[in-house]
Amino acid sequence: MIPNDSPHIVVENLTMAYGDFVIQRDLNFTINRADIFIIMGGSGCGKSTLMRILIGLKRPAKGNVHYGDTNLWEVDSEQRREIMKGCGVLYQRGALWSSMTMAENIALPLREYTDLGPDQIRRVVSLKLALVGLAGFEEFYPSEISGGMQKRAGLARAMAMDPDILFFDEPSAGLDPISAHRLDKLILELRDSLGATIVVVTHELASIFNIGNNSVFLDAESKTMIASGDPKKLRKESDNPTVQQFLTRGMSNTEEKT
Amino acid sequence: MDTLSKEYELNFHRDSSHTLQVRLSGKWKIGNGLPNQERILDELEKEPGIRKIKLDTNDVAQWDSGLLVYLVEVNRIAEKRDIKICKEGLTDGVRSLFELASAVPEQTDSGKLGKSSFWIATIGIRARELGHDTVKFFEFIGNVFLSLGRLFQGKVRLQRTDFFLILQDCGPKALPIITLISILVGMILAFVGAIQLKMFGAQIYVANLVGLGMAREMGAMMASIIMAGRTGAAFAAQLGSMRVNEEIDALTTAGISPMDFLVLPRIISLTIMMPLLCIYANLMGIIGGAFVGVFMLDISPVAYFIQTREAVPLIHFAVGIIKSGVFGVLVAVAGCMRGMECGQSAGAVGDATTKAVVTAIVWIIVSDALLTIMFSIMDI
Ligand SMILES: Nc1ncnc2c1ncn2[C@@H]1O[C@H](COP(=O)(O)OP(=O)(O)O)[C@@H](O)[C@H]1O
Ligand SMILES: [Mg+2]
């Protein structure tokens with residue numbers, strides 16, 4: 001499916017800060033529908049914080065986030081919750097509810113917001129677990145499975161309500177290369193089959209080039225974005241040394257010499 | 001240069017008026033101690049015109065991080081004074097580690113520096129925090145009421161299994177410790193009274209003392225302090241670790257209010273259970289007092305209980321039960337509030353737990369004082 005170009009999320013003049021400590025300022029970018037949008041940058045530059053602002057968990061110090069016609073941080077909390085319900089989020093550490101089994105974790109949003117009966121919910125839960133390769137783990141508690149599996153279960157939960165926008169915070173960190181690759185394929189699949197918009201926070205080069213078709217690059221030193229657009233193009237065309245170094249794993253100089 | 005000496009050695013030497021040569025030799029191991037920066041600072045003071053420092057480690061016999069610590073500090077001093085560092089004289093291993101350590105400039109505007117402020121400023125900061133705390137408290141209470149409203153309107157349901165688990169944790173599971181403490185408190189009250197009353201041959205009034213003391217004050221107070229340490233702390237730790245684990249964020253983004261889902265069932269459970277625990281604690285306390293009465297003061301069990309029944313009409317029990325209901329709410333709110341505002345680290349969970357218990361106990365004592373004054377004005 002070719003991404004159509006209607007904007008899904010528009011970020012304007014965003015400044016984010018913890019107290020007086022500004023993390024990033026003057027961010028401007030647009031996430032289009034059915035994009036796989038990459039938020040990249042070195043660790044500690046504020047990628048997770050940006051994601052928290054986009055999903056309505058943290059108020060920006062300045063600037064706007066528009067979902068379609070709605071300004072996320074100007075509407076009341078009830079409307080914001082409505083928007084958040086349409087977002088699926090995979091957190092950096094999985095964030096499964098530790099007092100519930102896998103099945104209950106995935107079933108909770110379904111139970112709260114749909115009219116499905118217990119039997120139907122169970123079938124949906126099995127499907128979601130199967131999609132992430134965890135069929136048969138319904139009755140396990142989060143503490144009983146490995147970190148990588150928790151992450152995949154978190155993904156299954158994020159997809160529970162078939163959201164039209166999915167956020168992933170470092171999805172492949174801590175996964176083995178094969179699982180990471182599978183996850184990339186799954187993300188592409190979700191976009192192509194469901195037409196979902198996907199926002200991925202990552203610094204895995206392989207994923208960035210495999211799945212991303214749009215991106216923003218946050219720089220910790222200048223505290224703002226220093227590049228945006230298709231990551232493959234950025235690698236070829238960007239003349240910013242920091243971006244080049246990041247996207248070529250610091251190899252750009254040696255490559256030029258040889 | 002004596003490379004066999006046990007200790008590190010430093011030599012300063014001026015090449016020209018602009019260049020200071022620093023030769024390091026000997027053993028630069030952390031175990032041998034590290035030189036401080038006074039000598040190089042002295043050297044720089046002596047002749048302010050220096051624009052370049054040449055480092056030379058060719059004569060160093062052995063080295064580890066100790067050497068690097070010194071070099072990095074010299075580098076920092078040099079940077080501050082705009083002096084160039086010349087690394088030609090560094091051996092290869094030292095140079096590469098040194099370059100690695102100075103590759104990323106020190107973060108200076110992270111808002112973490114300059115934390116140590118003048119003590120008056122500290123008072124100001126504390127006062128401002130107190131203000132924030134009060135606002136947060138009322139915000140939290142307001143949210144609890146909103147959530148309660150949603151429950152009565154039928155907009156939210158309590159998760160049944162979760163709710164019963166919490167209820168069980170707040171009630172039956174606390175019985176053993178409540179039993180132990182209450183019996184002992186009853187006995188202590190009886191002992192204290194017995195010594196005084198024996199002087200007048202009025203031992204039987206021990207029953208009045210124990211009965212009134214437990215029913216009006218000690219039953220509710222002991223039960224709620226135990227619950228503050230047990231369940232209030234557990235609430236704070238549970239919610240705090242859910243915060244650390246991003247589980248609360250995950251609830252919020254799933255469109256489920258953590259207030260409805262986590263806080264409300266806890267507050268309701270403890271508010272239901274605390275009066276029941278209070279009644280139980282009263283009974284246990286009276287039994288404890290009776291032990292002392294029967295075995296030490298030779299009062300017959302029947303006489304003791306008749307005396308208790310006459311001395312303590314039910315209205316006194318009601319006073320204690322009303323108090324315990326209030327304490328129950330306070331303990332649960334303190335625990336949940338501290339848990340919800342927990343920071344994002346393991347240490348923060350510990351802080352939240354401590355704060356929850358301290359807050360709860362302070363609130364219990366203060367509200368007990370207010371309630372006691374209120375009841376005495378009402379003549380109950
Ligand atoms: N709760 C917080 N309070 C204060 N500062 C924070 C908090 N969380 C993160 N930070 C700071 O914000 C910066 C960005 O953090 P984060 O968004 O987690 O980075 P990333 O996800 O890009 O690694 C870091 O420098 C960190 O120190
Ligand atoms: Mg992060």
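This is a predicted model: local features need pLDDT of at least 70, side-chain atom pairs count only at pLDDT 80 or more; totals for chains, interfaces and linings use all residues.
Because residues from chains A and B surround ligand 1, the site is shared between chains.

In chain A, an open sheet is built from 4 strands in the order 2-1-4-5, with antiparallel pairing. The edges of this sheet are taken by strand 2 (21–32) and strand 5 (70–71) of chain A; each has a single partner strand, so one side of each is left without a neighbour in the sheet. Strand 5 of chain A is joined to strand 4 (residues 62–67) of chain A by 2 bridges, and the two run antiparallel. Within this pair, A:Tyr67 stands opposite A:Thr70 of strand 5.

The domain assignment divides chain A into domain 1, covering 1–86 + 164–173 + 195–250, and domain 2, covering 94–162. The centres of domain 1 and domain 2 of chain A, taken over C-alpha atoms, are separated by 27 Å.

Contact between the two chains involves 12 residues of chain B and 19 residues of chain A. On the side of chain B that touches chain A, the classes are 3 nonpolar, 6 polar and 3 charged residues.

Chain B contains an open sheet of 4 strands in the order 1-2-3-4, with mixed pairing. Strand 1 and strand 4 (84–89) of chain B stand at the edges of this sheet, and each has a single partner strand, so one side of each is left without a neighbour in the sheet. On average, neighbouring strands of the sheet are turned by 20° against each other, direction ignored. Helix 2 of chain B (residues 65–80) packs on the sheet and touches strand 2, strand 3 and strand 4 of chain B. The direction of helix 2 makes about 175° with that of strand 3 of chain B.

Both kinds of pairing can be followed in chain B. Strand 1 (residues 8–14) and strand 2 (residues 19–28) of chain B run antiparallel and are joined by 7 bridges. These two strands form a hairpin, with 4 residues between them. In this pair, B:Leu10 of chain B is placed opposite B:Leu24 in strand 2. By contrast, strand 3 (residues 52–63) and strand 4 of chain B run parallel, joined by 4 bridges. B:Lys52 has B:Lys84 of strand 4 as its bridge partner.

B:Leu20 belongs to strand 2 of chain B. This residue counts as buried because 24 C-beta neighbours lie inside 10 Å, the cut-off for burial being 20 or more. Apart from its neighbours within four places in sequence, B:Leu20 is in contact with B:Phe12, B:Arg14, B:Glu43, B:Ile50 and B:Ile53. B:Ile40 lies 20 residues from B:Leu20 in sequence, and the C-alpha atoms of the two are 9.5 Å apart in space.

Technical notes: Residues are numbered from 1 along each chain as its sequence is written. Chains are lettered from A and ligands numbered from 1 in the order in which they are written. A residue is near a molecule or strand if its C-beta atom, placed from the backbone, lies within 6 Å of it. Two strands pair if DSSP finds at least two bridges between them. Axes are lines fitted to C-alpha atoms, for helices over the stretch in contact, and angles run from 0 to 180 degrees between N-to-C directions. Two residues are in contact if their C-beta atoms, placed from the backbone, lie within 7 Å. A residue is buried if 20 or more other C-beta atoms lie within 10 Å of its own, exposed if 12 or fewer, and partly exposed in between; C-beta atoms are placed from the backbone. Domain bounds come from an automatic or database domain assignment. Ala, Val, Leu, Ile, Met, Phe, Trp, Tyr, Cys and Pro count as nonpolar, Asp, Glu, Lys and Arg as charged, and the others, Gly among them, as polar.
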